[in-house]
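These are my notebook entries on one chain. I set down what I looked up, entry by entry.

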Amino acid sequence: MTTADSPTPGPTELGEVTHTRIYNAPRELVFECMTTPEHLCHFWGPIGMSTPLEKIVMDVRPGGVFSTTMIHDETGEEYEMTGIYFAVEPPSLLVFGAAEGEFPETNTVHFNDLGDGRTEVTTHQTNLPMMYLSPEAQAGMTSSFDKFAAYVESLAV
């Protein structure tokens, strides 16, 4: 069973949000799915978006670069994202975000083994533009987590 996301706006000038979710899958699998292009292509992006394997680059190590290109399923419009890994501690922690730019967004993801084949994942995002905190943007994040839950839990069976 997954729990509902719990976005919590924070006190920073740009904004911050925390999502906590429980997945019915072991921590090692959850971490692997978040750090392997062959898995990421199955769930990256909100419902209505796809991220083809050939549009994902992941060098999962501190200082390593990642990039993805999400494609809108109906219009074909492309949305590129590029960033850098700041910390990688398998299977418990990922910290990544923008390497440069106007908004130095940072994502800190903790993977907590609940000891019963389930994993609690807490994602804390900081330095977010306010548009990323809108109800529409948060609904998109929730749908991304929904896609991830369906994918990772299908592998854990």
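**Entry 1: the largest pocket**

I note that the model is predicted, with pLDDT of at least 70 needed for local features and 80 or more for side-chain atom pairs, while totals for chains, interfaces and linings use all residues. Residues are numbered from 1 along each chain as its sequence is written, and side-chain values use heavy atoms, leaving out hydrogens and water.

I looked up the volume of this largest pocket and found about 1300 Å³. The lining has 45 residues, and those closest to the pocket centre are Met81, Glu105, Gln125, Tyr132 and Met141. On a 1 Å grid over the protein atoms alone, a pocket is an open set of points with protein on both sides within 12 Å along at least five of seven lines, a cavity is a set where a 1.4 Å probe fits but cannot get out, and lining residues have an atom within 4 Å of a point. Grid points are joined across faces, edges and corners, and a volume is the space filled by probe spheres set on the points.

Which element gives the most to this lining? I found α3, with 8 residues. At least two lining residues each come from β4, β5, β6, β7 (106-113), β8 and α3.

**Entry 2: the largest cavity**

I counted 1 cavity of 30 Å³ or more. The largest cavity holds about 90 Å³ of space. Two or more residues of its lining come from each of β3 (56-58), β4 (65-72) and β6 (93-97); β4 gives the most, with 3 residues. Among the lining residues I recorded Met34, Trp44, Met58, Phe66 and Phe96. By class, the lining has 9 nonpolar residues, 2 polar and no charged.

**Entry 3: the chain**

I read 3 helices and 8 strands in the chain, in the order β-α-α-β-β-β-β-β-β-β-α along the sequence. Helices (H or I, at least four residues) and strands (E, at least two) are DSSP runs, numbered from the N terminus. Of the 157 residues, 43% are buried; buried means under 20% relative accessible area, exposed over 50%, and partly exposed in between (1.4 Å probe, protein chains only).

**Entry 4: single residues**

I located Thr35 in the loop between α1 (27-34) and α2 (37-40). Is Thr35 buried or exposed? Thr35 is buried, because its relative accessible area is 13%. Its side chain reaches the backbone oxygen of Phe31 at 2.9 Å. Leaving aside residues up to four places away in sequence, Thr35 touches Met58, Val60 and Leu94, where contact means heavy atoms within 4.5 Å.

I then checked the backbone. Most residues other than glycine have a negative phi, and most peptide bonds are trans. The peptide bond from Pro90 to Pro91 is cis, with omega near -10 degrees, and Pro91 sits in the loop between β5 (78-89) and β6. Asn127, a residue other than glycine, has a positive phi near 60 degrees. I placed Asn127 in the loop between β8 (119-126) and α3 (135-156). Asn127 counts as partly exposed, because its relative accessibility is 25%.

Definitions and conventions:
Nonpolar A, V, L, I, M, F, W, Y, C, P; charged D, E, K, R; others polar. Polar contact = N/O pair within 3.5 Å; in protein donor to acceptor, adjacent residues only side chain to side chain.
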